[in-house]
Amino acid sequence: MAIKFILPDGEDTDIVAHSYNGFPVSTPEDFLSFLKAVGAKDPQVLASFLATHPAAKAFIDAPKPTPLSFATEAFYGVDAFRFINAAGVEQYGRYRIEPVAGQAHLSASEAAQRAPNFLSQDLAERLKVAPAEFRLLVQLPAAGDPILDGSAAWAEDRPVLEIGTLTLHALAPQASQQPLFFTPLNLVSGVASSEDPLLVARTRAYRISLERRSKSAVARD
Ligand code: HEM
């Protein structure tokens with residue numbers, strides 16, 4: 001889930017979250033190795049990588065059931081940010097977004113019977129009946145929790161603050177979605193980057209991806 005807040009002064013700020021609480025690796029270099037291992041013809045390459053990278057093994061092994069709806073999935077920001085109050089006091093936290101409707105997933109056989117784009121169709125149908133609502137939360141670490149390692153989820157007993165509600169009323173036309181650019185480092189005063197190395201790598205990769213997506217859209221037109 002990528003969210004863009006358009007602020008009153010015309011600035012915008014983003015939250016970019018996915019549906020796994022964590023990440024297979026903690027650095028961009030390891031992510032490249034992970035992707036190469038996943039894509040390798042020789043299955044031993046991936047086996048060797050997983051043997052030395054337990055978070056990647058946990059990621060591969062974790063069940064990732066298809067959601068019943070985008071409106072029944074939880075999303076995690078993964079990388080920590082520094083939240084800074086008016087007095088300059090800093091607090092690390094990680095975004096999470098939980099569906100007000102509660103989480104609901106399909107069994108593998110139910111998912112196999114759905115059309116490939118059923119989640120998009122479901123959302124369009126759902127929004128005709130009622131808005132989709134999500135709680136915007138920030139999870140706080142306990143002393144000693146790894147702050148700069150997105151592959152290490154913080155325990156579920158850590159405090160979680162509710163900072164707002166997101167209400168989705170309608171879908172924008174596809175053509176206006178295409179050029180949108182979301183990055184986790186498009187921040188606003190009071191929220192600052194952490195030293196988590198994934199954040200800079202993500203921002204660079206997303207920009208290149210946007211450029212390629214824009215070029216291929218022009219080529220298609
Ligand atoms: C080094 C690690 C990562 C790299 C290199 C990476 C790279 C990318 C790239 C290239 C895209 C396509 C962007 C576009 O076409 O506009 C993308 C999209 C996305 N990524 Fe990542 N990613 C990383 C980690 C993560 C993590 C940790 C999360 C979740 C917390 C995440 C969530 C997303 C989401 C939600 C999108 C879709 C954004 C959109 O629709 O514009 N990614 N990522």
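## How to read the numbers

Residues are numbered from 1 along each chain as its sequence is written, and side-chain values use heavy atoms, with hydrogens and water left out. Because this is a predicted model, local features need pLDDT of at least 70 and side-chain atom pairs count only at pLDDT 80 or more, while totals for chains, interfaces and linings use all residues.

Let's start in the loop between α3 (54-61) and β3 (75-76), where T72 lies. Helices (H or I, at least four residues) and strands (E, at least two) are DSSP runs, numbered from the N terminus. T72 is buried, with a relative accessible area of 4%; buried means under 20%, using a 1.4 Å probe and protein chains only.

Leaving aside residues up to four places away in sequence, T72 touches P67, P99, G102, Q103, A104, H105 and R126. Here contact means heavy atoms within 4.5 Å. For A104, the backbone oxygen lies 2.9 Å from a polar atom of the T72 side chain.

## Around the ligand

Which atoms of the ligand lie by the side chains of Y206, S209 and R213? For Y206, a side-chain N or O atom is 2.6 Å from a ligand nitrogen.

Note on methods
Buried < 20%, exposed > 50% of the residue type's maximum accessible area, 1.4 Å probe, protein only. Polar contact = N/O pair within 3.5 Å; in protein donor to acceptor, adjacent residues only side chain to side chain.
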